[in-house]
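Me: I should like to learn how to read several features of a structural model. Please take them one at a time, with the general idea before the case.

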Amino acid sequence: MSLITTTNAVTMSSREIAELTGKRHDNVIADIRKMLLELGYQIDADGRSPDFSGDVPDAYGRLQHCFNLPRREVEIQRLNEELRKERLLRRLNARENDYP
């Protein structure tokens with residue numbers, strides 16, 4: 001008897017993240033690659049991850065690279081965005097405090 005384990009993990013694609021955040025997909029892909037490298041995941045020379053890469057058809061039916069992230073990585077990506085926004089606000093506040 002063999003035991004077969006399947007996972008039905010809910011994922012979100014980098015395309016969905018781009019649509020929801022109003023960012024260009026190539027910028028979302030770059031952010032995700034950076035995040036995955038920082039988390040210790042492998043990214044090959046083509047910029048793909050054996051853990052999260054996939055392909056989706058574009059408007060012309062051509063397959064385009066995307067990432068399919070589980071909840072944990074989506075949350076980390078969201079937090080990274082929030083940290084960037086926080087840094088911007090801190091710098092702006094510091095500049096405002098420097099002016100009389």
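Me: Is aspartate 51 buried, partly exposed or exposed, and what is its relative accessible area?
Reply: The term "partly exposed" covers the range between buried, under 20% relative accessible area, and exposed, over 50%. In this predicted model, aspartate 51 has a relative accessible area of 49%, so it is partly exposed.

Me: Where is aspartate 51 found, and how far is its C-alpha atom from that of leucine 69?
Reply: Aspartate 51 lies in the loop between α2 and β2 (53-57). Its C-alpha atom is separated from that of leucine 69 by 9.0 Å, and the two residues are 18 apart along the chain.

Me: What span should α3 have, and what separates its end C-alpha atoms?
Reply: The expected span of a helix is 1.5 Å times one less than its number of residues. The 28 residues of α3 should therefore span 40 Å, and the end C-alpha atoms are 41 Å apart, which agrees.

Me: Which residues of α3 are buried, and against what do they pack?
Reply: Glu73, Gln77 and Glu81 are buried in α3. The buried residues of this helix pack against α2 and β3 (63-70).

Me: How much space lies in the largest pocket, and which residues are the closest to its centre?
Reply: The largest pocket holds about 280 Å³ of space. Its lining has 14 residues, of which Ile17, Thr21, Gln77, Arg78 and Glu81 are the closest to the centre.

Me: Which helix gives the most to that lining, and how does the lining divide by class?
Reply: α3 gives the most, with seven residues. By class, the lining has five nonpolar, two polar and seven charged residues.

Technical notes. Residues numbered from 1 in each chain as written. Predicted model: local features only at pLDDT ≥ 70, side-chain atom pairs only at ≥ 80, totals over all residues. Heavy atoms only, no water. 1 Å grid on protein atoms, 1.4 Å probe; cavity = no way out; pocket = protein on both sides within 12 Å on 5 of 7 lines; lining within 4 Å. Points joined across faces, edges and corners; volume = space filled by probe spheres on them. Helix = DSSP H or I, 4+ residues; strand = E, 2+ residues; numbered from the N terminus. Nonpolar A, V, L, I, M, F, W, Y, C, P; charged D, E, K, R; others polar. Buried < 20%, exposed > 50% of the residue type's maximum accessible area, 1.4 Å probe, protein only. Contact = heavy atoms within 4.5 Å.
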